Amino acid sequence: MTATVPALEEHFEHTIERDQRIEPRDWVPEGYRKTMIRQIAQHAHSEIIGMQPEGNWITRAPSLRRKAILLAKVQDEAGHGLYLYSAAATLGADRADLTDKLITGRQKYSSIFNYPTLTFADVGVIGWLVDGAAICNQVPLCRSSYGPYARAMIRICKEESFHQRQGYELLMTMMKGTDQQREMVQEAVNRWWWPSLMMFGPPDADSPNTAQSMAWKVKRHTNDELRQRFVDMSVPQAEALGVTFPDPDLKWNAERGHYDFGAVDWDEFKNVLKGNGPCNAQRIAHRRRAHEDGAWVREAAVAHAGKKERK
């Protein structure tokens, strides 16, 4: 006997309340399905677009060791994108459709990847701050209510943690080098600090999706909570590294037990999301060109699969 929609909704709510996982075989409200596809797709797109800023330095790495490290990291990001597109597929999303939405601007990716990598120090700062912010945001997602997403996040977070250590190690090496290298690191930190804080999304008061995502246990913490956690984590690391953050309002607040920090420029954040960042057009054009150049590979794979089935 087929369950009624109210009965299915009740079962879904009870599953969420008991802090159990929603699986692909389970009935879910259309709003939940759309929310999960939107979040997973945005995450997958971010991993794929995120290969570009650092991939730009593979041929210019200062040593074979640094080249190998960077190659491995970019390869990991591609793998993360594949895990996530596969997780979205369990919700009925088509990967080709998601890719089309990305290259036509109908779906977003993280605003952080629309900033240029001007020096090799940027590779280290991305590993430390950008991947650090990603870890802060993504570790709670290992407990997300949607099973395939949560399980994908476990491996992704382990690899991102390794990337962060690699980035920090590179910066420590540069800070022990010449004055020019130390200046290069500080200049990169100055450029990436504020965009890193924007990675957690708009303030809770202006976030249209946070409340519902929290209710469905897709997210476990609000944007502002995660941003504060990242600041508290990053300040001692900066002190150990010997750099400062470009925020005159950054100071310890003993009453709160947290660091206070200055106001984020949310107008810049919105402008970048609208497609007006320094590298928006370049990133999408590169992804579109790669997709078009790879059409013959996809066609050959489909033809090969069909040939095997006929046998």
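**Close-up views of helix packing, pockets and a cavity**

**View 1. Helices H7 and H10 run roughly parallel to each other.** In this predicted model, the axes of H7 and of helix H10, which covers residues 223-241, come within 10 Å and cross at roughly 30°, and because angles under 35 degrees count as roughly parallel, the pair is described in that way. On the H7 side the contact is made by Gln-164, Tyr-168, Leu-171, Met-172 and Met-175, which meet Met-233, Gln-237, Ala-240 and Leu-241 in H10. Sorted by class, the contact of H7 with H10 holds seven nonpolar and two polar residues, with no charged residues.

**View 2. Helices H6 and H7 pack against each other in a left-handed crossing.** The axes of H6 and H7 lie 7 Å apart, and the angle at which the two helices pack is about 145°. From H6, the residues in contact are Ala-121, Val-123, Gly-124, Val-125, Gly-127, Trp-128, Asp-131, Gly-132, Ile-135 and Gln-138, and from H7 they are Met-153, Ile-156, Cys-157, Glu-160, Ser-161, His-163, Gln-164, Gly-167, Tyr-168, Leu-170, Leu-171 and Met-174. This contact of H6 with H7 is made up of 12 nonpolar, eight polar and two charged residues. Among the H7 residues shown here, Gln-164, Tyr-168 and Leu-171 also take part in the contact with H10.

**View 3. Helix H4 crosses helix H6 at roughly 40°.** The axes of H4 (residues 64-89) and H6 (residues 121-138) come within 12 Å of each other at this crossing, which means that H4 is oblique to H6. The crossing in which H4 passes H6 is left-handed. Leu-70, Lys-73 and Glu-77 form the H4 side of the contact, where they meet Val-123, Ile-126, Gly-127 and Asp-131 of H6. Three of the residues in the contact of H4 with H6 are nonpolar, one is polar and three are charged. Val-123, Gly-127 and Asp-131 of H6 are also found in the contact of H6 with H7.

**View 4. The largest cavity has a volume of about 100 Å³.** The count comes to one cavity of 30 Å³ or more. Its lining consists of Glu-54, Arg-66, Ile-69, Leu-70, Lys-73, Phe-120, Val-123, Gly-127, His-163, Gln-166, Gly-167 and Leu-170, and H4, H6 and H7 are the elements that give two or more residues to this lining. By class, the lining of the largest cavity divides into five nonpolar, four polar and three charged residues. Leu-70, Lys-73, Val-123 and Gly-127, which are part of this lining, also belong to the contact of H4 with H6.

**View 5. The largest pocket has a volume of about 1,000 Å³.** The lining of this pocket comprises 42 residues, and those that lie nearest its centre are Gln-42, Asn-137, Met-199, Phe-200 and Gly-201. At least two residues of the lining are supplied by each of helix H2 (30-49), H4, H6, helix H7 (147-175), helix H9 (210-215) and helix H11 (266-276), and H6 gives the most, with seven residues. The lining of the largest pocket holds 15 nonpolar, 16 polar and 11 charged residues.

**View 6. The second largest pocket holds about 250 Å³ of space.** The residues that line it are Ile-48, Met-51, Gln-52, Ala-78, Leu-82, Tyr-85, Arg-95, His-286, Arg-287 and Ala-290. Helix H3 (51-55), H4 and helix H12 (280-293) each supply at least two residues of this lining, which divides by class into six nonpolar, two polar and two charged residues.

**View 7. Leu-118 is placed in the loop between helix H5 (95-103) and H6.** Although Leu-118 and Ala-188 are 70 residues apart along the chain, their C-alpha atoms are separated by 8.2 Å. When its neighbours within four places in sequence are left aside, Leu-118 is in contact with Trp-57 and Arg-191.

Note on methods: Residues are numbered from 1 along each chain as its sequence is written. This is a predicted model: local features need pLDDT of at least 70, side-chain atom pairs count only at pLDDT 80 or more; totals for chains, interfaces and linings use all residues. Side-chain values use heavy atoms; hydrogens and water are left out. Axes are lines fitted to C-alpha atoms, for helices over the stretch in contact, and angles run from 0 to 180 degrees between N-to-C directions. Helices (H or I, at least four residues) and strands (E, at least two) are DSSP runs, numbered from the N terminus. Angles under 35 degrees count as roughly parallel, over 145 as roughly antiparallel, 65 to 115 as roughly perpendicular and the rest as oblique. A crossing is left-handed if the near helix is turned anticlockwise from the far one by less than a right angle, and right-handed if clockwise. Contact means heavy atoms within 4.5 Å. Ala, Val, Leu, Ile, Met, Phe, Trp, Tyr, Cys and Pro count as nonpolar, Asp, Glu, Lys and Arg as charged, and the others, Gly among them, as polar. On a 1 Å grid over the protein atoms alone, a cavity is a set of points where a 1.4 Å probe fits but cannot get out, and a pocket is an open set with protein on both sides within 12 Å along at least five of seven lines; lining residues have an atom within 4 Å of a point. Grid points are joined across faces, edges and corners, and a volume is the space filled by probe spheres set on the points.
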